[in-house]
Amino acid sequence: MATYLYRIGRWAFRRRRLVGSLWLGALVLAVVAAATAPAGEEEDLAMPGTESQRAFDLLDARFPEANSQGAEARLVFRAPDGQRVTAGEHRAAVRGALGSLEGGGQVASVTDPYETDAVSADGTVAYSTVTYDADTADLTAPTKSALERAAERARDTGLTAEVGGSALDVEEEPGGTTEIVGVAVAAVVLVVALGSLAAAGLSLLTALVGVAIAFGLVTALAVPLGLTSTVAILALMLGLAVGIDYALFITSRYRDERARGRAPEEAAGHAVGTAGSAVVFAGATVFIALVGLGVVGIPELTRIGLGGAGAVGLAVLVALTLVPALFGFLGPRVLSRAERKGTRRGVPPQHRAPGTGAGTGVERPGLAVRWARFVLRRPVPVLLAAGLGLGAVAVPALSLELGLPGDESKSTETTQRRAYDLLSDGFGPGFNGPLTVVVDTPRSGGARGAADRVAETVRGVDGVASVGEPTVSRSGDTALLTAVPETAPNSGETKDLVNALRDTVPRVEADTGATVLVTGTTAMNIDISEAMSDALLPYLTVVIGLAVLLLTAVFRSVLVPVKAALGFLLSVGAAFGVLVAVFQWGWAADLVGIEQTGPVMSLMPILVIGIVFGLAMDYEVFLLTRMRETYVHGATPEEAVVSGFRHSGRVVAAAAVIMVSVFAGFIGMSSPTIQTMGVGLASAVAFDAFVVRMAIAPAVLALLRDRAWWLPRILDRVLPNVDIEGEALSRGEELSRTAAAGPTSGPTAGTPDAGTTYGSDATVPLLPLDRR
C-alpha cells in the first residue's frame with residue numbers, strides 16, 4: 001500500500017493544477033446540487049420489528065385519515081391566579097383563539113376543551129389538541145404562524161397560553177457561534193504546532209473543501225435518501241475534525257521528509273506513502289465502524305452512520321490528493337520559518353538542530369520527549385494513576401439510563417417547555433406521555449366489545465392514572481384507547497408500566513380473540529432504548545474484535561492490539577461516565593446549557609463507540625507507527641518509544657486538541673442530540689489521546705519491552721503485510737543506493753555506523769528487517 005500511495009503523492013504534486021481543478025469542480029457541483037435540491041424532511045424515529053412500530057403501521061392502515069405520526073400541537077391555557085379557566089370570559093377567549101385556527105391551511109381538526117373534558121380538576125388549566133394533515137417537516141410558515149398568533153390572542157385577554165407538541169419543532173442548522181469558536185481554536189493550534197501560517201491554512205482549507213462537498217451531497221440527497229439535519233451535522237462535525245487531523249499528519253510528515261534532505265516532490269510521495277498509509281487505515285476503521293451502525297436496525301441510525309462514513313471517506317481522499325497538490329503550490333512556505341532560514345543558509349538538513357535553523361547538531365528535547373522519558377523511568381506509577389483515574393471517571397457509567405428527549409429537555413425559554421410544565425401541573429406528570437393501546441379483531445364490528453374488555457383490564461394495572469373512551473375504525477375491526485400513566489414519560493416507573501401492560505396482553509387476547517399492542521411516543525422511546533441497550537454489547541464486541549484484527553496486521557504484534565483495545569474501552573467508559581454525570585446527574589450542566597436532566601440519548605452510546613473507535617485508532621497508528629519503524633531498524637524498545645514521541649507526540653497532541661475543539665464547538669447547539677454527541681465525543685477523544693495513548697500506552701510498552709512486538713510465526717505467515725511504515729519504500733531506496741555505490745565487500749559491509757544514535761532526529765539507518 002505504501003508504494004501505491006507514494007505514487008499517488010508524487011502524481012498529485014506533479015499534476016497539482018489538474019488535481020486542484022478537479023476538487024474545485026467537485027466543490028462547485030456539490031454546492032450547486034445542494035442549492036437546487038428540495039429541502040429534506042425530519043422523520044420520526046422508527047424501529048422495525050418492535051411492538052410499537054407494528055402498532056403504528058397498523059394504525060396507519062386502519063385509520064388512514066388520522067396520520068398516526070403526523071404533526072400535532074397542544075394549545076394550553078391557564079387562568080390567572082385565583083380564577084378558573086371555565087369562567088365565561090375565559091371560555092369565550094379560549095374558543096375565540098381556537099376559532100382562528102379552524103379551517104386554516106393544513107389543519108385537520110381542533111378540539112374544544114370544554115366538550116372533550118380537557119379541563120384540569122381544579123379548573124385552572126385547559127388544553128386543545130390541534131392535528132394536521134401533514135408531517136412536522138411539511139408544515140408551512142403560515143401554518144406555524146397561525147398557531148403562534150392564536151396563543152398570542154389568548155394572552156391578550158389575560159390568559160397564560162403556550163404551545164406544545166411537534167408542530168413548532170424546527171430543524172437544527174449548523175453554523176452557530178460555538179462552532180466558529182471551535183474552528184478558530186483549531187486554527188490557532190495549527191499555527192502553533194506547525195509554525196507556519198501557510199501550513200496551518202493548508203490543513204484548514206483542505207478540511208473545509210471536504211466538509212463542504214460532504215455537506216452539499218448530504219443536502220442534495222436529503223429527499224431521495226431521507227437524510228435529516230442530524231446526518232448533515234454529524235457529517236460536518238466528523239468531516240471537519242478528521243479532515244484537519246489527516247492533513248496535519250501528512251503535512252507534518254512532509255516537513256520531516258524535507259528536513260531529511262528530500263526534494264519537494266519526493267518528500268510529498270514519501271509523506272503520502274507513510275503518513276498517508278496511516279490515514280487510509282485510520283479512515284477505514286472509522287468508515288467501517290460507522291457503516292456497521294446499520295446492523296442495529298434503526299433506519300435513522302443507519303443513515304447517520306452512512307452520512308458520517310461518507311464525510312470521513314471524502315476527508316481521506318482530500319488528504320491523499322489535494323494536500324500534496326497544495327505542497328506544490330505553496331512551495332517552501334509550508335516549512336516553518338526556522339526551516340526556511342536553514343535552507344537559505346545552506347545548512348544540510350541532517351545537521352540542523354530540531355526546531356532551529358542553525359547547524360549546532362545539538363538536540364534540545366521537547367516536552368513530548370521529556371514526557372516519554374519520564375514514563376519510561378516510572379511506568380508502574382503512571383499506569384496505575386492513569387488507569388485508576390479513568391476507572392474513577394467511568395464509575396457513573398454504571399448508572400447509565402437511555403431514553404429519548406422530549407419537550408421536557410428543552411429550555412424554559414421555549415413555549416414547548418412551558419406548555420409541558422403547564423400540563424404536568426394541571427393533569428399530572430404522566431399526561432405528557434400517554435400510551436396508546438391498539439385493539440385489532442379478526443372480524444368487522446368486533447372491536448367495540450374487545451376494546452371495552454381491554455379498557456377494564458388496563459384500568460386495573462398499577463400506575464395507570466386514567467383510560468379514555470375507545471375510538472373505533474370505520475370498518476369496526478380496530479379500536480384504540482389512550483392510557484395516561486401516573487409518572488413522567490422518561491421515568492423508570494413508566495417503563496415498568498409499559499412492560500406490565502404488555503404482560504397482561506396474552507390474557508386479554510385469550511379472552512377476546514383480539515390482538516392487543518401498546519404503542520405511542522413514550523412506548524416507542526422505551527422500545528428504542530431497550531433495543532439500543534441490547535445491541536450495545538454485541539456492537540462493542542464486533543468493534544473490539546475488528547480493532548484487534550486490524551492492529552495485529554498493521555503492527556505485526558499480538559499484545560499491542562490487545563493493549564489498544566483495552567485502552568479504547570477505558571476511554572469509552574470514561575466518556576460514558578461524563579455523559580451520565582452531566583446529562584443524568586446535572587454536574588456542570590450550567591456550563592453546557594442543560595436546564596433539565598434526564599436519561600442519556602438512546603443513540604449516543606453506540607454512536608460514541610463507533611466514532612471514537614476509529615479516532616482512537618488514529619492516535620494509536622500515528623504514534624506507534626514511528627515506534628515500530630524505529631524498533632524494526634534496530635533500536636531498543638525504550639529508544640523506539642522515545643523516537644515515536646519525538647516524531648509524533650506533538651502532532652498527535654495538536655490533533656487531539658483540534659478534534660476536541662471542533663466537537664466541543666457543537667455543544668452550544670440547542671438540539672439535545674447534538675449537545676450529547678459534542679460532550680461525549682470531546683471527552684472521549686481527550687481521554688483517549690492524552691491519557692490512554694500518551695500515558696498508558698508508553699507505560700505498557702516500557703513494561704513489555706520486546707514482548708510487545710512479538711507475533712507467532714503462524715500469524716506472521718497468514719496475516720497480510722500492510723506496510724504502514726513504508727518499509728517497501730525504504731528497501732527500494734537502499735537497493736538503489738547499493739546499486740549506485742557498486743559491490744561492497746568486507747565484514748562491515750551493510751552494517752550501521754558505530755556512531756549512529758537511534759531515536760534521534762537524524763535519519764534512522766536502514767537495516768535488514770530481522771525483527772518483523
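Student: How many cavities of 30 Å³ or more turn up in a search of the whole structure?
Tutor: Four of them. Keep in mind that this is a predicted model.

Student: And how much space lies in the largest cavity?
Tutor: About 160 Å³.

Student: Which residues line it, and which of them lie nearest the centre of that largest cavity?
Tutor: The lining has 14 residues, and those nearest the centre are Arg253, Ala275, Phe622, Arg626 and Ser648.

Student: Which elements give two or more residues to that lining?
Tutor: Helix 9 (229–259), helix 10 (264–291), helix 21 (604–632) and helix 22 (637–664).

Student: OK, switching to Thr552. Where does that residue lie?
Tutor: Thr552 is part of helix 18, which covers residues 521–555.

Student: Is Thr552 buried or exposed?
Tutor: Buried, because its relative accessibility is 8% and the cut-off for buried is under 20%.

Student: What does Thr552 touch, leaving out residues up to four places away in sequence?
Tutor: Ser557, Pro561, Leu711 and Leu719.

Student: Let's follow up on Phe690. Which helix is Phe690 found in?
Tutor: Helix 23, residues 672–704.

Student: Why does Phe690 count as partly exposed?
Tutor: Because its relative accessibility is 36%, and partly exposed sits between the buried cut-off of under 20% and the exposed one of over 50%.

Definitions and conventions. Residues are numbered from 1 along each chain as its sequence is written. This is a predicted model: local features need pLDDT of at least 70, side-chain atom pairs count only at pLDDT 80 or more; totals for chains, interfaces and linings use all residues. Side-chain values use heavy atoms; hydrogens and water are left out. Helices (H or I, at least four residues) and strands (E, at least two) are DSSP runs, numbered from the N terminus. Buried means under 20% relative accessible area, exposed over 50%, partly exposed in between (1.4 Å probe, protein chains only). Contact means heavy atoms within 4.5 Å. On a 1 Å grid over the protein atoms alone, a cavity is a set of points where a 1.4 Å probe fits but cannot get out, and a pocket is an open set with protein on both sides within 12 Å along at least five of seven lines; lining residues have an atom within 4 Å of a point. Grid points are joined across faces, edges and corners, and a volume is the space filled by probe spheres set on the points.
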